[in-house]
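This report describes one protein chain for a reader who has its sequence and structure at hand. Please keep both in view while reading.

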Amino acid sequence: MPLFDLPVPPTLPIVGSDDRVNVGRIFCVGRNYEAHAREMGGVVDREAPFYFTKHPTATVLSGATIPYPLGTSDYHHEMEFAFVIGAPAFRVAPEDALGVIYGYCCALDMTRRDLQAVAKDKRRPWDLSKDFENSAIFGAVTRAADFVPGDQRIYLTVNGQSRQDATIADMIHSVPAIIADLSKYYHLRPGDIVLTGTPEGVGPVQAGDVLVGGIDGLAPIELRIGVAE
Ligand code: MN
């Protein structure tokens with residue numbers, strides 16, 4: 001008999017279905033848009049993507065209000081295109097990769113940018129800046145049969161003001177390339193979710209802000225920032 005009641009990650013709604021996606025692991029691609037890599041002062045690696053992870057209990061559903069997080073004074077939005085794995089995937093060839101996807105959704109990779117800067121400067125892991133409570137926000141999932149990744153617009157507004165506006169065609173590593181690469185290192189499982197990186201225009205948010213993000217063809221995402229605890 002397990003002793004403790006541990007948090008269970010919320011499940012994601014699915015467009016046009018009463019089923020829910022239960023969240024497995026959360027993988028995030030770093031620096032997957034040239035202009036964002038440049039604004040961060042980073043260099044793009046065209047050879048292979050790199051990754052960090054978030055704990056599934058960091059999941060928040062679109063529509064929520066979350067408190068301004070602990071330990072930061074530079075809390076940033078990163079609007080991202082995400083996909084959900086729907087079949088076991090190990091050493092998948094790029095041409096077979098789209099076949100293991102269950103669906104697609106909007107996501108926010110919320111980031112404590114000041115802590116990330118410290119981590120980069122001191123060559124430490126990114127966990128404190130990326131994998132923290134309420135840091136992974138997801139919209140409803142659109143099934144793969146109803147969406148084909150192409151040159152869809154990806155955008156984010158804060159209090160109605162445009163902050164990020166780009167196209168997912170600008171991704172350096174495509175969805176099939178990411179699956180082919182990531183499945184060399186992990187046995188991907190149904191429910192695993194991959195965030196594919198953010199375009200340029202990341203920036204800080206404050207208590208009281210309302211974030212609305214979208215990708216053409218997918219359900220939009222909305223998040224309200226509450227006061228700090
Ligand atoms: Mn990101």
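## Terms and basis

Two residues are in contact, or touch, when heavy atoms of each lie within 4.5 Å. The model is predicted, so local features are given only at pLDDT of at least 70 and side-chain atom pairs only at pLDDT 80 or more, while totals for chains, interfaces and linings use all residues. Residues are numbered from 1 along each chain as its sequence is written, and side-chain values use heavy atoms, with hydrogens and water left out.

Helices (H or I, at least four residues) and strands (E, at least two) are DSSP runs, numbered from the N terminus. A residue is called buried under 20% relative accessible area, exposed over 50%, and partly exposed in between (1.4 Å probe, protein chains only).

## Salt bridges around the site

Side chains of opposite charge can pair when their charged atoms come close. A salt bridge is counted when a side-chain nitrogen of Lys or Arg is within 4 Å of a carboxyl oxygen of Asp or Glu. The whole structure contains nine salt bridges.

Lys-130 forms a salt bridge with Glu-78, with the closest N and O atoms 3.1 Å apart. Because Lys-130 lies in helix H3 and Glu-78 in the loop between strand E7 (75-77) and E8, this pair ties together parts 52 residues apart in sequence. Lys-130 and Glu-78 are both buried. A salt bridge also joins the side chains of Asp-109 and Lys-130 (2.9 Å, N to O). Here Asp-109 belongs to strand E9 and Lys-130 to helix H3, so the pair ties together parts 21 residues apart in sequence. Both Asp-109 and Lys-130 are buried. A network of salt bridges links Lys-54, Glu-78, Asp-109, Arg-113 and Lys-130.

Are the two partners buried or exposed? Arg-25 is partly exposed, with a relative accessible area of 22%, whereas Asp-192 is buried, at 1% relative accessibility.

## The nonpolar cores

A nonpolar core is a set of buried Ala, Val, Leu, Ile, Met, Phe, Trp, Tyr and Cys residues joined through side-chain atoms within 4.5 Å. The largest has 42 residues, of which Phe-81, Phe-83, Leu-108, Leu-211 and Leu-223 touch the most other members. Among the elements that give two or more residues to this core are strand E3 (26-30), strand E8 (79-85), strand E9 (101-109) and helix H4 (175-182). A second, separate core has 19 residues, including Leu-12, Ile-26, Ala-119 and Ala-136.

Leaving aside residues up to four places away in sequence, Leu-108 touches Glu-78, Ala-136, Leu-211 and Leu-223, among others.

## Loops and surface

Arg-124 lies in the loop between helix H2 (113-121) and helix H3 (127-130). Its relative accessible area is 47%, so Arg-124 is partly exposed. Not counting residues up to four places away in sequence, Arg-124 touches Val-118 and Ala-119.

Two residues other than glycine have a positive phi. For Arg-31, phi is near 45°; this residue lies in the loop between E3 and helix H1 (34-39). For Asn-159, phi is about 50°; Asn-159 is found in the loop between E13 and strand E14 (161-167). Arg-31 is partly exposed at 26% relative accessibility, and Asn-159 is partly exposed at 44%.
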